[in-house]
Amino acid sequence: MDMEQFGMQPRQGMQSDMEQLIIQARQLMASDIHLTVGADTVIRVNGELRKFGQRDDIAVNRMIHSILSAEQEKKFTTDGVDLDFSFEIGDGSVQRVNVFHQNGRAAAAIRLLNTQVPSLEELEMPPVLSELAAKRKGLVLVTGATGSGKTTTLASMIDDINKKRACHIITIEDPIEYRYTPGKAIIHQRELGRDVPDFKSALKSVLREDPDVILVGEMRDYETIALALTAAETGHLVLATLHTASAAQTIDRIIDECPVDVRDQVRMQLANLLQGIIAQTLVPRIDDKGGRTAALEILVCNDAIRNMIRTNKIAQMTSVMQTSGRQGMCTLNDSLSRLCKEGIISYDTVMQYTMDYADSDM
């Protein structure tokens, strides 16, 4: 499907070709643009990929290189390095981009970010997320697949803290996606590759910078996990992401990333420090709002959950989540069923995304 099929016409004026493309994609409520030399341009709208016109190879190559600095150009062209960064266009909108080579040609995956940080209420998140953000110490994890909205949910939680609490927030991001306006809090945002070399180095130094709240863009390896746990252990609230689909899978992933000889110790730390896990999946809406909404699995650590983590009975946590709705907990199936009953998503969507049909309340 090209621009004319979307009812769009190419714009004329002072904007670059890349800016025109981004503006047009945003008007169509796209979340991503895929540019590839030698292939059609593609955008993602409501989770679905759609063709977005044909451009000649020279034009696409020029568009991709137009967003690179001289240093990035050298790394990409001469050294063959994949690049992760964010960039802003004339209208103030910010994009996250990964530039890479495929079949010897340039390609770019561009995520179109929201200009403003949405509130938890605007995202239709339950009150328990604000309650978890209000914790003074411990570990809160937001998990999900790539493109599931983890970064937006975390940003909303950070902004919720910013509006309510006089504290020092430090974020460690790769790259920075949302820019916060200081409210009650002071906020320092540190970007990998520009302000700090990696998550490990940033976490080592952040504890000497008098933080109250620390956001870790992603807990990628054992060293980052260990440092994040240490930060939570020393009286800070740590928020982080993982690429996991459920609460149980999240705990298993953290333990599996650790060397065998320290797994029992990490299990004890998690049992003591974990405050909650929000695992989210974006699903298509059928109501008047359109677009997508978040189906959530929410775990809030109580004594029963902490004991299950400590004794490695992770599989039993689902039953606790199913019976602890008053504490804000729910399984993914609970969330899907509620969204369907409220007419927000379809029954077919429930069946497509449910983790276990037998447990679905449909």
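Visitor: Which residues of helix α2 are buried?
Guide: This is a predicted model, and α2 covers residues 57-66. Buried means under 20% relative accessible area. The residues of α2 that count as buried are A59, V60, M63, I64 and H65.

Visitor: What do the buried residues of α2 pack against?
Guide: Both helices and strands take part. The helices are α1 (17-27) and α3 (70-77). The strands are β1 (30-36), β5 (94-102) and β6 (105-112).

Visitor: Which residue caps the N-terminal end of α2?
Guide: Look for a side-chain oxygen and the backbone nitrogen of I58.

Visitor: Where does N103 lie, and what is its phi?
Guide: N103 sits in the loop between β5 and β6. Most residues other than glycine have a negative phi. N103 is not a glycine, yet its phi is positive, at about 50°.

Visitor: Is N103 buried or exposed?
Guide: The cut-off for exposed is over 50% relative accessible area. N103 has 74%, so N103 is exposed.

Visitor: Where is D210, and is D210 buried or exposed?
Guide: D210 is found in the loop between α6 (199-206) and β10 (213-216). D210 is not a glycine but has a positive phi of about 55°. Its relative accessibility is 59%, so D210 counts as exposed.

Visitor: Which peptide bond is cis, and what is its omega?
Guide: Most peptide bonds are trans. Go to the loop between β8 (168-173) and β9 (186-191), where P175 is placed. The cis bond runs from D174 to P175, with omega near -10°.

Visitor: Is S119 buried or exposed, and which residues does S119 touch?
Guide: S119 belongs to the loop between β6 and α4 (127-133). Its relative accessible area is 13%, so S119 is buried. Leaving out residues up to four places away in sequence, S119 touches S156 and K163.

Visitor: At what angle do the axes of α8 and α9 cross?
Guide: Helix α8 spans residues 247-257, and helix α9 spans 263-273. Their axes come within 9 Å. The crossing is right-handed. The angle is roughly 145°.

Visitor: How do the residues of the contact of α8 with α9 divide?
Guide: From α8 come I251, I254, I255 and D256. They meet R263, V266, R267 and L270 in α9. The division is five nonpolar, no polar and three charged.

Visitor: What covers the buried residues of α9?
Guide: The buried residues of α9 are V266, R267, Q269, L270, A271 and L273. Their cover includes helices α7, α8 and α10 (303-310). It also includes strands β7 (138-143) and β12 (274-284).

Visitor: Which residues touch the most other members of the largest nonpolar core?
Guide: This core has 75 residues. Helix α7 (residues 222-233) gives the largest share, six residues. Another core, of 29 residues, lies apart, with I22, F76, F87 and I110 among them. In the largest core, the residues asked for are L141, M157, I251, L274, L299, I309 and M317.

Visitor: Which residues does L299 touch?
Guide: Residues up to four places away in sequence are not counted. L299 is one of the residues that touch the most other members of the largest core. The residues touching L299 are A247, L274, Q275, G276, I277, I305, M317, M321 and M329.

Methods: Residues are numbered from 1 along each chain as its sequence is written. This is a predicted model: local features need pLDDT of at least 70, side-chain atom pairs count only at pLDDT 80 or more; totals for chains, interfaces and linings use all residues. Side-chain values use heavy atoms; hydrogens and water are left out. Buried means under 20% relative accessible area, exposed over 50%, partly exposed in between (1.4 Å probe, protein chains only). Helices (H or I, at least four residues) and strands (E, at least two) are DSSP runs, numbered from the N terminus. Contact means heavy atoms within 4.5 Å. A polar contact is a pair of N or O atoms within 3.5 Å; within protein, one must be able to donate a hydrogen and the other to accept it, and residues adjacent in sequence count only if both atoms are side-chain atoms. Axes are lines fitted to C-alpha atoms, for helices over the stretch in contact, and angles run from 0 to 180 degrees between N-to-C directions. A crossing is left-handed if the near helix is turned anticlockwise from the far one by less than a right angle, and right-handed if clockwise. Ala, Val, Leu, Ile, Met, Phe, Trp, Tyr, Cys and Pro count as nonpolar, Asp, Glu, Lys and Arg as charged, and the others, Gly among them, as polar. A nonpolar core is a set of buried Ala, Val, Leu, Ile, Met, Phe, Trp, Tyr and Cys residues joined through side-chain atoms within 4.5 Å.
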